[in-house]
Amino acid sequence: MSRPKVAFFDFTSCEGCQLTVLDALQTHPELLDAVEIVQFREAMSEKGEDYLIAFVEGSLARPADEERLRGIREKAGILVALGSCAHIGGVNAIRNRQPLEKVRKHVYGEKWEWFDAYEARPASAAVKVDFFIPGCPIDRSEFLEVVTALLLGRQPKIRDYPLCVECKLKENVCLYDKGKSCLGPIIRAGCGAICPTYGDGCEGCRGLITNPNINAAEDVLKEHGLSVKEIMAQMDMFGTYQMMEMEGVGHD
Ligand code: SF4
Ligand code: SF4
Ligand code: SF4
């Protein structure tokens, strides 16, 4: 029986999510018996153009990226956004709050006009994304869960409840009780609340839960006299694109 063909593509990214995939393949080599990888620039030189599942890493950072992504979308039966950059714009979108010309001059100096750029955005800004795997980088186990579900023809289940739930299950002392801040009440669980567990506030790499106003861990917020709006204002690191969308600010 032929194995489903899978391809990996990268746009503007640090390639950390692809490295996580390579890591997952090393610890779970049986996956290579279940799928045929036809394109994966970080791991092989072949470039097969016939694939069922396309995993896309990285943000769109210039107009030409959209055309390339649309080409991938046309060929793929299923398109999965891999990691925070592709899912929500991620760290690349930090620049979106600055005038684009200023950013290009800062990065490219005198030759800034030679390099095309626009406001960084997620894959879903240009094409239909069927599924996403959140995080910066992605979680290896979650990647394996999603691939397994897709191979079994099931809908992958990405958690959609606040990180605080996982944090409480770990019996962590809330960082707000230690005078620190944390985005846990509005951010998607699934990482095991790793940052708060080690004493750092969540910075939101997994993106907002659906409708944070309703689903936020309100007990945590109320206890500390905070509102959803107040903690959302701290989402600059990974969530600038999402925030600007919610504010109704256009993207160049
Ligand atoms: S989501 Fe994070 S780890 Fe993944 S490519 Fe983007 S910056 Fe790198
Ligand atoms: S706010 Fe942060 S530290 Fe506090 S319970 Fe939620 S995830 Fe944990
Ligand atoms: S705790 Fe927050 S910032 Fe840290 S990995 Fe989880 S979602 Fe990302």
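**Entry 1: domains**

I began with the two domains of this predicted model and found their C-alpha centres 25 Å apart. The domain assignment places domain 1 at 5–151 and domain 2 at 163–247. I then listed the contact between them: domain 1 contributes 18 residues and domain 2 contributes 14 residues. On the side of domain 1 that touches domain 2, H4 supplies the largest share, three residues. I sorted that side by class and got eight nonpolar, six polar and four charged residues.

**Entry 2: the sheet**

I looked up the strand order next. Five strands form an open sheet, ordered E2-E1-E3-E4-E5, and their pairing is parallel. The edges are strand E2 (36–40) and strand E5 (131–133), each of which pairs on one side only.

Strand E3 (residues 53–57) and strand E4 (residues 78–82) run parallel and are joined by five bridges. In this pair, Ile-53 of E3 faces Ile-78 in E4. Helix H1 (residues 16–27) packs on the sheet and touches strand E1 (5–10), E3 and E4. I noted about 145 degrees between the direction of H1 and that of E1.

**Entry 3: ligand 1**

Which residues come nearest to ligand 1? I found Ser-13, Gly-16, Gly-83, Cys-85 and Cys-136, out of 14 residues around the ligand. H1 and helix H4 (83–88) each give at least two residues to this shell. H4 gives the most, with three residues. By class I recorded six nonpolar, six polar and two charged residues.

**Entry 4**

I counted 16 residues around ligand 2, with Cys-164, Cys-167, Cys-174, Cys-182 and Gly-184 the closest. Helix H7 (residues 163–169) gives the most to this shell, four residues. The classes are 13 nonpolar, two polar and one charged.

For ligand 3 I wrote down the surrounding residues, among them Cys-191, Cys-195, Cys-202 and Cys-205. Leu-163, Ile-187, Glu-203 and Arg-206 also belong to the surroundings of ligand 3. That shell has eight nonpolar, one polar and two charged residues.

**Entry 4: backbone checks**

The peptide bond from Cys-136 to Pro-137 is cis, with omega near -5 degrees. I placed Pro-137 in the loop between E5 and H6. Cys-136 is also one of the residues that come nearest to ligand 1.

Glu-15 has a positive phi, near 70 degrees, and is not a glycine. I located Glu-15 in the loop between E1 and H1. Glu-15 counts as partly exposed because it has 17 C-beta neighbours inside 10 Å.

Asn-211 has a positive phi too, about 50 degrees. Asn-211 lies in the loop between helix H8 (194–197) and helix H9 (212–215).

**Entry 5: Ser-141**

I found Ser-141 in helix H6 (residues 140–151). Ser-141 has 12 C-beta neighbours inside 10 Å and therefore counts as exposed, since the cut-off for exposed is 12 or fewer. I also took the separation of Ser-141 from Asp-177: 36 residues in sequence and 31 Å in space, C-alpha to C-alpha.

Key. Residues are numbered from 1 along each chain as its sequence is written. Chains are lettered from A and ligands numbered from 1 in the order in which they are written. This is a predicted model: local features need pLDDT of at least 70, side-chain atom pairs count only at pLDDT 80 or more; totals for chains, interfaces and linings use all residues. Two strands pair if DSSP finds at least two bridges between them. Two residues are in contact if their C-beta atoms, placed from the backbone, lie within 7 Å. Axes are lines fitted to C-alpha atoms, for helices over the stretch in contact, and angles run from 0 to 180 degrees between N-to-C directions. A residue is near a molecule or strand if its C-beta atom, placed from the backbone, lies within 6 Å of it. Ala, Val, Leu, Ile, Met, Phe, Trp, Tyr, Cys and Pro count as nonpolar, Asp, Glu, Lys and Arg as charged, and the others, Gly among them, as polar. Domain bounds come from an automatic or database domain assignment. A residue is buried if 20 or more other C-beta atoms lie within 10 Å of its own, exposed if 12 or fewer, and partly exposed in between; C-beta atoms are placed from the backbone.
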